[in-house]
Amino acid sequence: MAITLPSGFEDMLPAEARFYHGFVETARRIFGAYGYVPIITPQVEVTELFVRGIGEATDVVSKEMFTAISGENLNTLLGGGHIKSKSRLTLRPEGTAGVVRAVVEHDLVPQGAAPAKLMYAGPMFRAERPQKGRLRQFNQIGIECLGAEAPSVDAEGIIMLMRFFSELGIPSESMVLLVNSMGCEKCRPAYRDAVRAYMAAHAEKLCDQCNERAQINPLRAFDCKNPACREVMDAAPKITDYLCDECRDHYATVLAYVDAAGISYVEDPKLVRGLDYYTRTVFEVQALDSSSAQNAIGGGGRYDKLVEEVGGRPTPGFGFALGFERCRIALEAAGKGVSDAPSCTVFVATVDDSLKPQAFGLVQRLRDAGVAADMNHQDRSLKSQLKLANKLQARFVAVLGPDELAEGLVTVRDMVGHTERTVPFDEVESALF
Ligand code: HAM
């Protein structure tokens, strides 16, 4: 029996892979204009990084991590042995923790330095229950800005993300930007206590998991999908009533900058996001007419304590990530699906096989001149070669025939203009364009 992919994983076939490359390129161009430069960190980190960075009580850490075991460690485990915590490895469920680890390890934000503005693109891994828009391996593009606390960083990040979505072609009316402030270490404890007390008063209506959450991390209950819990949490105390003066000012300034950029948003005091590292600004962009229940196409926020959590000196941070596969679903919903682009500009056909060496030489010359070119590598008649050129959506077909070639000529058909002309064999590159 043929071996197939496990569920939750996807192949990116050529049309989609090409679309993905264009997607990353667009991000690179737009984010580059805001000063973001690329960073590539490994797809595996020590498990401890995610436990400390993302938070033990989050779904991502408590249920969804793929922990990687080397052959040697597997043998140790099977033999009843213990693996040292430094050797416990996990496939990254998100990109922020790894980037922050790299920033600390390589001291990318020395004291007094300008903020480090970093962007990344690549696969992330979460052992979630697969469904449309929810994969076990998915691709994120993300940015992280480390070393600046100013609300202008948050605002420019939000504006940049919305600009990316709109350049991609997701209509502004088919997405909504939700924003909130989660407060800081000064004001959040009182809020957390208020939510805990509120949950205790409604314990009988909450699910077992939420009652458990109330003890460890009550804010996670805002993410519960259970309708009864949702109803209870809808009336829970609002963080915005608990913000300290600094957090309130920071939030107001972020919103003022976003307003000035003409970007609309909805304030959602229940938006807490699924990762524990956030402080102050959090935001999420949801696709409205997506055919998938998983409609968050991107999200992020500020994390002013994460660098210390990972062992660095106090350094504020802000970032976001967006999901390629969910953006693709949102684009399809907007009637902008992935299309098959031509991979060949000039197809070189031969009247008979004896001319293959000349065809081989011509395609090399065309490629050297930067023109995408291909030839017949199989046993095909001229008619079948022309069909193939059509399938490849080649703009031109150069037909090599023995008589013409003897005179140093080649026939070129323009497949779009439906014209044909004869050009010198040695000048095909320059004659075509
Ligand atoms: P996140 O909200 O967990 O944030 O993920 C960001 C985006 O990744 C989501 O909005 C969604 O589009 C996509 N995504 C997440 N899980 C899946 C999945 N299972 N299948 C398909 N797509 C998915 C973060 O990861 C944070 N690191 C963002 C951030 C950066 N915050 C600060 N800096």
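**View 1. The second largest pocket holds about 430 Å³ of space.** A pocket is an open set of 1 Å grid points with protein on both sides within 12 Å along at least five of seven lines, and lining residues have an atom within 4 Å of a point. Volume is the space filled by probe spheres set on the points. The model is predicted; local features need pLDDT of at least 70 and side-chain atom pairs pLDDT 80 or more, while totals for chains, interfaces and linings use all residues. Numbering starts at 1 along each chain, and side-chain values use heavy atoms, without hydrogens or water. H2 gives the most, with 4 residues. Helices (H or I, at least four residues) and strands (E, at least two) are DSSP runs. By class, the lining has 12 nonpolar, 4 polar and 9 charged residues. Asp, Glu, Lys and Arg count as charged, Ala, Val, Leu, Ile, Met, Phe, Trp, Tyr, Cys and Pro as nonpolar, the others as polar.

**View 2. The largest cavity holds about 40 Å³ of space.** In a cavity, a 1.4 Å probe fits but cannot get out. The whole structure has 2 cavities of 30 Å³ or more. Asn180, Ser181, Met182, Arg188, Tyr191, Leu219, Ile239 and Val272 line the largest cavity. Strand S7 (175-181) and helix H7 (188-201) each supply two or more of these residues. The lining divides into 5 nonpolar, 2 polar and 1 charged.

**View 3. Helix H1 (residues 14-33) packs against helix H6 (residues 151-168).** Their axes lie 10 Å apart, at an angle of about 140 degrees. Axes are lines fitted to C-alpha atoms over the stretch in contact, with angles from 0 to 180 degrees between N-to-C directions. The two helices are therefore oblique (under 35 degrees is roughly parallel, over 145 roughly antiparallel, 65 to 115 roughly perpendicular, the rest oblique). H1 contributes Phe23, Thr26, Ala27, Arg29, Ile30 and Phe31 to the contact. H6 contributes Met160, Arg163, Phe164, Glu167 and Leu168. Contact means heavy atoms within 4.5 Å. This contact has 7 nonpolar, 1 polar and 3 charged residues.

**View 4. H1 also crosses helix H12 (residues 324-333), at roughly 105 degrees.** The axes come within 12 Å. H1 is therefore roughly perpendicular to H12. Glu16, Phe19, Tyr20 and Phe23 of H1 meet Phe324, Cys327, Arg328 and Leu331 of H12. The contact has 6 nonpolar, no polar and 2 charged residues. Phe23 takes part here and in the contact with H6.
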